Amino acid sequence: MLVHLVVLNREGRAAMAECLPSVLRAARTSRHRCDVTVIDNDASGDSAAWLGEHFPSVQVIREPNCGRCGYNEVIGSLSGRIAVLLDGDVRLAENSVDPLVEPLLAEQSDCFMTAPMCRRFDGQQYEGFRMAVAWRWGLVQPTAHFPGHMATIDQPGPTASADNVMAIDCRKFAELGGFDPLYLPGPFEAFDFAFRGFLRGYWACY
């Protein structure tokens, strides 16, 4: 199975230098054949040229700066069925790819998206993505810090959204129309994508 690891580079080469090596290690560790693509989303500095020099095996695609909507055209051009979407400031655990994509590979699976447990760089603070739906300032939004969340962060189950890192079924992503530019500059495009998936009868797995 071909799995695409697609990194959205908005933060520039400092984040790439810190995080991209972990993505390449995770790709090598997976039992699946993984390729790594970086979307250079008008990132600051000369990161595209720097990537070509330091990571020649990584495909670099230039896209205008349109937030996560930069994924839309690229996902439509991929040959594989599964893609892992990563913000440029995300480090992957070495063995993270296979459990993240497994629910998407089941026969006749209605899973369209998976989200991992994620911690901040200190390895302690919980970042998500076992999301629940909350109200804040009159807006509906996802939250990983709902009451009692710490008791369930080690338990798999459904989730309401993910953004910084998620695995998707590319066909279902295209069917749902990808990320909607209505929400630019963000951050609700991922939540909207997940909601449209739920309306279609699909489910997202943490």
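In this predicted model, the sulfur of cysteine 34 lies 12 Å from the closest cysteine sulfur, that of cysteine 170, which is too far for a bond. Cysteine 34 is buried, with a relative accessible area of 19%, a value that falls under the 20% limit for a buried residue. Cysteine 69 is likewise in no disulfide, and its nearest cysteine sulfur, in cysteine 66, is 5.7 Å away. A disulfide requires two cysteine sulfur atoms within 2.5 Å, and by this rule the count of disulfides is zero. Cysteine 69 also counts as buried, at 9% relative accessibility.

The strands form an open sheet of seven members with mixed pairing, in the order β3-β2-β1-β4-β10-β5-β11. Strands β3 (59-62) and β11 (203-205) are at the edges; each has a single partner strand, so one side of each is left without a neighbour in the sheet. From one strand to the next, the twist averages 25°. Within the sheet, β5 (residues 111-114) pairs with β10 (residues 165-169) in the antiparallel sense, over two bridges. Threonine 114 stands opposite alanine 167 of β10.

Two helices that lie across the strands may be described next. Helix α3 (residues 70-77) lies across β1 (2-9), β2 (33-40), β3, β4 (82-87) and β10, and runs at about 155° to β4. Helix α6 (residues 189-199) lies across β5, β10 and β11, and runs at about 155° to β5.

The largest nonpolar core holds 65 residues, of which Leu20 and Ile75 touch the most other members. Helix α1 (residues 13-29) gives the most to this core, with six residues. When neighbours within four places in sequence are left aside, isoleucine 75 is in contact with Val6, Ala83, Leu85, Ile168, Cys170 and Phe173.

Methionine 16 is found in helix α1 and, at 0% relative accessibility, counts as buried. Apart from residues up to four places away in sequence, methionine 16 touches Val7, Asn9, Pro21, Val38, Trp50, Leu51 and Gly88. Between the C-alpha atoms of methionine 16 and valine 133 the separation is 32 Å, and these two residues are 117 residues apart along the chain.

Helix α4 (residues 97-105) has Val97, Asp98, Leu100, Val101, Leu104 and Leu105 as buried residues. They cover an arc of only 160° around the axis, which means that they are on the same side of α4. An α-helix has 3.6 residues a turn, so residues three or four places apart point the same way. The elements that cover the buried residues of α4 include β1, α1, β2, β4, β5 and β10.

Histidine 32 lies in the loop between α1 and β2. Histidine 32 is buried, with a relative accessible area of 7%. With neighbours within four places in sequence left aside, the contacts of histidine 32 are Met1, Val3, Ala27, Asp98, Val101, Glu102 and Leu105. Among these contacts, Asp98, Val101 and Leu105 are also listed as buried residues of helix α4.

Conventions:
Residues are numbered from 1 along each chain as its sequence is written. This is a predicted model: local features need pLDDT of at least 70, side-chain atom pairs count only at pLDDT 80 or more; totals for chains, interfaces and linings use all residues. Side-chain values use heavy atoms; hydrogens and water are left out. Two strands pair if DSSP finds at least two bridges between them. Helices (H or I, at least four residues) and strands (E, at least two) are DSSP runs, numbered from the N terminus. Axes are lines fitted to C-alpha atoms, for helices over the stretch in contact, and angles run from 0 to 180 degrees between N-to-C directions. Contact means heavy atoms within 4.5 Å. A nonpolar core is a set of buried Ala, Val, Leu, Ile, Met, Phe, Trp, Tyr and Cys residues joined through side-chain atoms within 4.5 Å. Buried means under 20% relative accessible area, exposed over 50%, partly exposed in between (1.4 Å probe, protein chains only). The arc is that of the directions from the helix axis to the C-beta atoms.
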